[in-house]
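Please look over the structure below.

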Number of protein chains: 2
Amino acid sequence: MSGYRVAVVGATGLVGQEIIRCLEQRKFPCSSLRLFTADRSASREPLLPQREPAVEGLSNSAFDEADLVFFAAGMDVARQFAPLAIKAGAVVVDSSPAWRIDPDVPLIVPEVNTAEVRAHKGLVAGPESTVVALTMALYPLHRVNPLKQVVVCTYESVSGAGRAAQEELSAQARLVLEGRTVVPHVFPHQIAFNVLPEVDIFLDNGYSRGEWSLVEETRKVLRAEGLPISATCARVPVYVGHAVAVHAEFSNPIAPEDARKLLVESPGVRVLDDPDVSLYPQPWFASGSDDVLVGRIRRDASNSSALSMWVVIDNLRKGAALNVVQIAEELARQGHIPEGGKRHGQVGTPSDSHGDPVH
Amino acid sequence: MSGYRVAVVGATGLVGQEIIRCLEQRKFPCSSLRLFTADRSASREPLLPQREPAVEGLSNSAFDEADLVFFAAGMDVARQFAPLAIKAGAVVVDSSPAWRIDPDVPLIVPEVNTAEVRAHKGLVAGPESTVVALTMALYPLHRVNPLKQVVVCTYESVSGAGRAAQEELSAQARLVLEGRTVVPHVFPHQIAFNVLPEVDIFLDNGYSRGEWSLVEETRKVLRAEGLPISATCARVPVYVGHAVAVHAEFSNPIAPEDARKLLVESPGVRVLDDPDVSLYPQPWFASGSDDVLVGRIRRDASNSSALSMWVVIDNLRKGAALNVVQIAEELARQGHIPEGGKRHGQVGTPSDSHGDPVH
């Protein structure tokens, strides 16, 4: 039996379920698959009945038999358990914000900076879904015409806040349509038929963590330390799919048609751009898409070196699950995942330090 | 009997109804009120039963007895009938885009450039509601620290597209909640649980008319010819209330606390800005507000001369109806409205040319 002993932590959540789906659809070589949840109360019907193993609770020895562990749980769960998985010899791919900005942890969007995975020390992180969208739309242009400034506004779906947020949107929408009063639970205010400029907690600098992550993670993925980025992140009453309005200034003049050509040729990017027939990316229709969708590519009328674009991503899929599965595929391709129980008996195989990246 | 003979064109529409409400609430001195619609099929239950006159169809002689005519109909109706009203001796206040950019037509946000009404030639225009929001939030800062660059993204409610758009949002939301398929009518695509980066038609430069109006009208209201403004306008599934994410760079450094102080002191602006307790403007709660609501005032972390803000406006009220009623109040205060049938008999009264502003 060949393949890796894979574990998914947070297997009952929206991103965890999507990771399982991606592993299956992309035929990731799993010799075994174990599913964990930090929240037993959240357990769900299995996604793949008959074939999907039961979901287990987390324990300190959960990863003793794992080669590769996906973390799709919250930041606290990743902080507590990922070091144990790494110590047990597994490679961890984390979709939480726990170590994204840690200089010892590669932050990877495979189409942008895949080569950097090789610097991992047992842990690789996937960025915020808005950052996947933004970097995939900007990198093909930035590599030939370096960015000078980026201003970005997001229109983020509730699924970024989990399944309960999706259920809250439906419940609130029904109440509003019946003319009844809404009492919010997951979000601080009503989200149905409303917009909230609050994505994650607020920081001392006045940014929300969603906004600040977008700034810091985009700089890290693009290796553009100090790039001026301004961001406003807002939650809109949409189930799945984040939209990002991008206003980007480059070092040199850039024509929309040239940008369009570069983007059409970029793997993982799909250009949907014909406003005359109302063709542009939309969250509702992006759900399930593996591609980052780009449209409304237009010259900034005040600046020939600037462009505006409208970018949409399935935040659960390419924005999170698919991206971390692609990272695992790249780790496997580069021989960075110790395979199926062989590691304990072998001496002298080249391996990374697997040290604890937390410090 | 004192007061003006007032007419409202487009009286059955969302903005027309709100104009009638504002005239009533603000006790605008009307000696008579006539209501017109260009679309008889759209007639509605009267807003003020018993007191509200019947809605009449438009005709070439409709304005023979009017001193002041509000146009709250489409651009085509304003283009066809406003010149007739002006020729008949009335002053026209138009909320449509028909003449907003015409250099002979003052484009007024009373809190920003009220003095300019006096240059009218029978017609004064109110701007796009997003422009009212943007200019009221920026002008108090711009007047002491001139703007260098503005990037703005909008989150616009469906009411900007009329009552049918609101009904479509409800109908589509019900279908989605029942798991049924949506067929769009008013908008080119489903708007329920979706976001559309299309506000009005698309122009040859790749901007939508919503975006281009925002650029041109903001420059005109702020008297900031050539100010670089980039805009993305998007429609979100919200009934009433537009949100505008503003990223503004000024000529000199500006501290968020100073900006907040200037905005708190500005008439017509209400600052709602305490992120720690999730206090910020929201469209759902802005409905019915006379004020432009400003929050999330924060320094741009990459530029000490730049600020970000989150601005919300009731697009039907201060964004349209209240703004044009305030314009009429100012015209009355300055003696620019010929009062109650006196004009025909009087000779030598100072008056404006009342010429046709269309050319």
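In this predicted model, the buried residues of helix H6 of chain A are covered by parts that include helix H3 (110-113), helix H4 (129-142), S7 and S8 of chain A. A residue is buried if 20 or more other C-beta atoms, placed from the backbone, lie within 10 Å of its own. Local features need pLDDT of at least 70 and side-chain atom pairs count only at pLDDT 80 or more, while totals for chains, interfaces and linings use all residues. Residues are numbered from 1 along each chain as its sequence is written, and chains are lettered from A in the order in which they are written.

**Helix H6**
- H6(A) covers residues 209-221; helices (H or I, at least four residues) and strands (E, at least two) are DSSP runs, numbered from the N terminus.
- Among its buried residues are Leu214(A), Val215(A) and Glu217(A).
- Arg223(A), which follows H6(A), has a positive phi, near 50 degrees.

**Domains of chain A**
- Domain 1 spans 4-127 + 318-333 and domain 2 spans 130-315, with bounds from an automatic or database domain assignment.
- Their C-alpha centres lie 24 Å apart.
- The contact (C-beta atoms, placed from the backbone, within 7 Å) takes 16 residues from domain 1 and 24 residues from domain 2.
- H9(A) gives the largest share of the domain 1 side, five residues.

**Chains A and B**
- 51 residues of chain A are in contact with 51 residues of chain B.
- Elements giving two or more residues to the chain A side include strand S7 (147-156) and strand S8 (229-235).

How values were computed
Contact = placed C-beta atoms within 7 Å. Expected span 1.5 Å × (residues − 1). Buried ≥ 20, exposed ≤ 12 C-beta atoms within 10 Å, placed from the backbone.
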